[in-house]
Amino acid sequence: MSAIAPTSPRTGGTFLRRNAIWWVALLFVLLLPQVARSGTSIAVLNQMCIMVIFSLSYNMLLGQGGMLSFGHAVYFGLGGYFTIHLMKMASGGFFMPLPLVPLAGGLAGLLFGLLFGSFSTNRAGTVFAMISLGIGEMIAASSLIFVKFSGGEEGITADRTDLTSLFGIRFRSEVDVYYLIAAWMVLSAWLMYRFSRTPVGRMANAVRDNPERAEFVGYSQKHVRLLSFMGAGFFAGIAGGLFAVNYEIVTEETVNLVSSGTVLLQSYIGGVGFFAGPIVGAIVYTLLQTLLSNYTEIWAFYVGLIFVATVMYAPTGLTGIIMMHLPIYRAGKLRSLALPYLRIGVPALCCTIGVIGLLELLHFLSVRAVGQSTKRLFWLTLNVEQPFAWIIFSVLAVGGFLVARRVAPSVLAAWEAASLHAFGGRAR
Amino acid sequence: MTAAIELVDLRKSFGSTEIIRGVNLEVGEGERHAVIGPNGAGKSTLYNLITAKYVPTAGRIRLRGQDITARKPYEINRMGLSRSFQVTNIFPRMSVFENVRCGALWAMNYRYSFWQDVDRLDDVNERSLQILNDIGMVPRADVPAGVLSYAEQRALEIGITIAGGANVVLLDEPTAGMNRSETDQTVELVRRITENKTLIMVEHDMSVVFGLADRISVLVYGEIIASGPPDEIRGNPAVREAYLGAEAD
Ligand SMILES: Nc1ncnc2c1ncn2[C@@H]1O[C@H](COP(=O)(O)OP(=O)(O)OP(=O)(O)O)[C@@H](O)[C@H]1O
Ligand SMILES: [Mg+2]
């Protein structure tokens with residue numbers, strides 16, 4: 001497991017130096033609203049931060065612990081419900097500052113993690129995945145059955161400004177909430193990183209790699225998994241709590257299988273083999289979701305395509321791709337890749353445009369009003385009843401794909417040459 | 001004096017075939033004991049029974065007088081018994097250094113700590129570095145274990161096994177696949193680290209066996225046909241016939 005920090009045992013230095021990257025991160029997120037001032041961009045940032053925590057917690061299972069969960073939203077959603085109930089109760093008057101309410105979500109996530117983890121962490125692999133799916137389905141169904149607790153379809157709402165003010169801050173504006181969420185995000189990310197560097201965190205990797213051997217060095221694979229599972233539940237619960245604070249409503253959508261799928265998707269796209277992978281994934285996913293949805297109604301389809309492409313062609317995720325180029329960049333050899341990348345980039349772009357074109361036209365066909373025959377796409381007005389657009393996009397898609405596949409080996413060879421150079425011929 | 005390991009009429013069947021057929025064995029505290037026998041005799045199976053990878057069909061296993069027959073592998077390890085595997089069994093995606101460190105964490109009492117920074121556990125890190133030095137892997141410390149060569153993985157296998165400083169060490173063909181000089185180094189290492197400890201070793205290399213063992217047991221078809229000091233085993237006609245053959249001459 002590579003991480004953003006060096007893993008060698010001899011990393012001394014002061015607290016400040018050791019954690020320099022975290023201070024920079026904190027400063028960065030605190031300054032962000034100065035750049036992104038508009039209400040919508042703050043809203044996007046809030047969502048992004050929540051997703052960062054959620055994905056990082058998911059990776060405590062998948063990347064660090066080798067547990068493929070299809071039901072991680074259970075802890076996110078339950079964290080959200082418990083937090084929103086606390087907010088409702090607290091608006092009755094007892095002392096409960098808003099920044100602390102996500103802890104209720106964390107605690108709920110932790111306890112349900114203990115409950116469900118106690119019987120699902122004996123083994124990883126298929127059995128674990130199936131149980132997680134079952135629990136996910138069960139809790140999602142419960143959220144529509146136990147209406148008193150979940151509010152049924154409408155969900156539960158609360159007003160965060162009713163809570164005790166802290167130093168006169170009532171969290172009326174989105175920016176105030178942003179600071180709250182961002183602070184929780186940096187703190188949570190830091191804690192999760194610290195966890196990965198503790199004896200249990202290291203043994204989580206060991207159990208992921210080889211559970212049998214871990215038992216022969218003194219560790220119960222179940223207990224190691226359970227501890228990771230509870231930690232993952234806790235931070236997912238924190239994320240859910242922040243969701244409740246941010247949106248002031250929690251519905252079945254937070255806890256259902258779609259939500260569980262989303263966190264898997266974004267973590268994987270970011271790269272589960274790296275601590276920073278899920279962060280990248282959450283940022284990219286949120287951007288895709290918010291930006292893409294401005295332009296197209298079938299954005300979720302594209303996200304699915306990207307996921308499949310990642311699994312097939314870049315299993316180490318976006319972070320893995322970046323990490324593949326870091327040594328090449330350091331060796332100053334990045335430029336040698338410009339031409340090969342252009343060679344594959346152009347046909348790949350053509351293929352992408354072709355696929356998008358075909359999909360958009362198909363979608364338009366199925367939703368258009370009677371008599372409507374033209375669609376604006378790529379700054380062009382296209383007539384779906386004429387074959388012209390269809391032919392062009394088909395040629396682009398198929399031709400681009402074939403050319404890209406043809407040049408791929410030579411591009412790969414160029415990359416290998418560059419990285420061999422970067423390692424100075426050092427044998428691996 | 002209680003024995004370090006005591007096996008009482010131990011039996012193991014897979015389906016209808018009995019692989020271990022009533023083994024009785026006592027290995028004294030501080031003894032270096034070699035188990036030899038032809039391929040398929042059941043040596044590794046015997047290890048798997050002692051370390052609870054398999055559950056015996058019948059019989060008892062005692063570690064320092066304590067019955068460990070129905071325990072879990074991790075419980076037995078915590079009682080001070082550590083083993084290596086004939087087929088390399090490491091943590092492939094972790095670095096060589098981390099592999100060894102995993103072997104030391106529990107034994108050095110860090111257990112399920114989720115509040116301490118491993119990089120600051122000076123005792124564990126120093127010990128792991130020491131072990132790396134012993135197995136000649138310091139230059140490879142940061143390499144993922146999965147990309148090591150076969151011989152290097154064998155060395156790491158031993159490193160993980162001894163990292164916790166267990167009092168009873170079981171090695172399954174530690175020198176298999178090593179060349180002469182690697183074998184000599186490994187024998188020296190095993191001799192050094194098992195000073196005042198109990199060692200049980202499965203080994204096919206007779207020079208290693210006769211050089212290192214205080215006592216030898218010969219396992220043939222799931223039964224111990226002879227057990228005693230090296231000279232006695234060397235001269236035992238039944239052993240010569242069943243196993244040693246030309247090798248001992
Ligand atoms: N899990 C198992 N299921 C079925 N049969 C097994 C199992 N494990 C071992 N055996 C059988 O038990 C017999 C003894 O195997 P074992 O590995 O203990 O031999 P060994 O003495 O270690 O041999 P070698 O010197 O080749 O390592 C073999 O015939 C093997 O096929
Ligand atoms: Mg064997």
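Into which domains is chain A divided? In this predicted model, chain A splits into domain 1, covering 23–317, and domain 2, covering 331–427.

Let's look at how those two parts of chain A meet. Their C-alpha centres sit 33 Å apart, and the contact draws on seven residues from domain 1 and six residues from domain 2. Between them, domain 1 and domain 2 of chain A bury about 480 Å², with carbon and sulfur atoms giving 64% of that area. On the domain 1 side, three residues stand out: Glu297(A), Ile298(A) and Tyr302(A) supply 67% of the area that domain 1 of chain A buries against domain 2, more than any other three residues. As for polar links, the count between the two domains of chain A is three residue pairs in polar contact, both partners being at pLDDT 80 or more, while the salt bridge count is zero.

Now over to chain B and its metal. The magnesium ion (ligand 2) has Ser44(B) and Gln86(B) as its protein donors, lying 1.9 to 2.0 Å from the ion. Ser44(B) belongs to helix α1 (residues 43–50) and Gln86(B) to the loop between β6 (81–83) and α3 (96–105), so the pair ties together parts of chain B that are 42 residues apart in sequence.

| Residue | Relative accessibility | Class |
|---|---|---|
| Ser44(B) | 22% | partly exposed |
| Gln86(B) | 34% | partly exposed |

Technical notes
Residues are numbered from 1 along each chain as its sequence is written. Chains are lettered from A and ligands numbered from 1 in the order in which they are written. This is a predicted model: local features need pLDDT of at least 70, side-chain atom pairs count only at pLDDT 80 or more; totals for chains, interfaces and linings use all residues. Side-chain values use heavy atoms; hydrogens and water are left out. Donors are N, O and S atoms within 2.8 Å of the metal (3.2 Å for Na, K and Ca); water is not among the atoms, so sites may look incomplete. Helices (H or I, at least four residues) and strands (E, at least two) are DSSP runs, numbered from the N terminus. Buried means under 20% relative accessible area, exposed over 50%, partly exposed in between (1.4 Å probe, protein chains only). Domain bounds come from an automatic or database domain assignment. Contact means heavy atoms within 4.5 Å. Buried area is the accessible area (1.4 Å probe) that two parts lose on being put together, summed over both. A salt bridge is a side-chain nitrogen of Lys or Arg within 4 Å of a carboxyl oxygen of Asp or Glu. A polar contact is a pair of N or O atoms within 3.5 Å; within protein, one must be able to donate a hydrogen and the other to accept it, and residues adjacent in sequence count only if both atoms are side-chain atoms.
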